[in-house]
Amino acid sequence: SEAAGILLFDSEAQLLAAMTNKEGEDLAEPLPKDWDLAKLQTLDVKLYGMKISPPCCKIRFLLNYYNVPFTEIDGKKPNSDYTKIPVLDIADRQINDSYIIVKNLSPILQGRPLTEQEIEIENLSTVGIMLALEKATASSCGTLCRCAGLMGGGLGCVLRCAACCIACCVGPGMMKDKNLKSFAEYSQILKQHLGGKAFFGGSEPSVTDASLYGLIAPFDMASAPCVDELLGDHSSPLRTWFDTMASKAAGVKVL
């Protein structure tokens, strides 16, 4: 009957909603194979996060770069078993963790999944480079104050007031269990992946380029010295890549 059909649909939707992934865990049920960029642009997309959270900036930029309309909601997703950010809702599907979000959006946004090399870059940027940038930022009073300016509002005022205390007492002790590499090491790895190409995706930017740029950009906007340590000076191919991406992404919202 029609009523039974509605009940079945609701049950399937509720089941999919309940099958949320943990951090670093892929989706138990892949996104529909018939979803392409045109389809995604018609769906109800919601991003739960915070303005200057690096992984949220990455997903925000990625969606904007590919012209995907979405609603941004400040904070964690209410009534969700996943209590971190970002969380991306697409129709009745929930995807947690920026790494998993990028991995699952790739076939939709660019028509193909990430290659093994691109997965390596995405993983490196998420559990290595991003954490190193966060630690360096949290250890710099000046950078934290500039982040406060980007944040604005009451929370920005609180961050500005606490910046020196955070830089002295919190930042230096962060990520001690993460076995992070130096920025010189991360830079060398990225240069090896980039090779002689203009972009990590080849002659044109790929999802990997957009994801990595969206991650680094907020730190660059805060004039964080660690960005220069990572990208190098204007003779560095990484700096050339970043500047070219900035030109390609002119007007695309990061924050």
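## The loop between β2 and β3

Pro86 sits in the loop that links β2 and β3. In this predicted model, the peptide bond leading from Ile85 into Pro86 is cis, and its omega is near 5 degrees.

Asn79 is found in the loop between β2 and β3 as well. Although Asn79 is not a glycine, it has a positive phi of about 60 degrees. Asn79 is exposed, with a relative accessible area of 86%.

## Another asparagine with positive phi

With a relative accessible area of 70%, Asn179 counts as exposed.

## A sheet of four strands

Now let us turn to the strands. Four of them make an open sheet with the order β2-β1-β3-β4, and the pairing is mixed. The edges belong to β2 (71-74) and β4, each of which has a single partner strand, so one side of each is left without a neighbour in the sheet. From one strand to the next, the twist averages 20 degrees.

Strands β3 (residues 87-90) and β4 run antiparallel and are joined by four bridges. In one of the pairings, Leu88 has Ile95 of β4 as its bridge partner. The two strands form a hairpin with two residues between them, and Ala91 in the turn has a positive phi of about 55 degrees. Along β4 (residues 93-96), Arg93 and Ile95 point one way while Gln94 and Asn96 point the other way; all of them are buried.

## Helices against the sheet

Helix α3 (residues 54-65) lies across β1 (45-49), β2 and β3, and runs at about 155 degrees to β1. Helix α4 (residues 98-110) also packs on the sheet, where it touches β3 and β4; its direction makes about 125 degrees with that of β4.

Is Lys58 buried or exposed? Its relative accessible area is 0%, so Lys58 is buried. Setting aside residues up to four places away in sequence, Lys58 touches Ser98, Tyr99, Val102, Glu122, Thr126, Ser211, Gly214 and Leu215.

## The nonpolar cores

The largest nonpolar core has 56 residues, and those with the most contacts inside it are Leu40, Ile90, Leu105, Leu190 and Trp241. Take Leu105 as an example: leaving aside neighbours within four places in sequence, Leu105 is in contact with Leu40, Leu62, Leu63, Leu88 and Ile90. Another core lies apart from this one, made of eight residues that include Leu144, Met151, Leu159 and Ala222.

## The largest pocket

Where is empty space left in a structure? Rolling a probe the size of a water molecule over the atoms shows this. Here the largest pocket has a volume of about 850 Å³. Its lining is made of 32 residues, and Ile52, Ser53, Pro54, Pro55 and Glu134 are the ones that lie nearest its centre.

Which helices each supply at least two residues of this lining? They are α3, α4, α5 (116-138), α6 (141-151), α7 (153-169) and α9 (207-221). The largest share of the lining comes from α5, which gives eight residues.

Note on methods: Residues numbered from 1 in each chain as written. Predicted model: local features only at pLDDT ≥ 70, side-chain atom pairs only at ≥ 80, totals over all residues. Heavy atoms only, no water. Core = buried A, V, L, I, M, F, W, Y, C linked by side-chain atoms within 4.5 Å. Buried < 20%, exposed > 50% of the residue type's maximum accessible area, 1.4 Å probe, protein only. Contact = heavy atoms within 4.5 Å. Pairing = 2+ DSSP bridges. Axes fitted to C-alpha atoms, helices over the stretch in contact; angles between N-to-C directions. 1 Å grid on protein atoms, 1.4 Å probe; cavity = no way out; pocket = protein on both sides within 12 Å on 5 of 7 lines; lining within 4 Å. Points joined across faces, edges and corners; volume = space filled by probe spheres on them.
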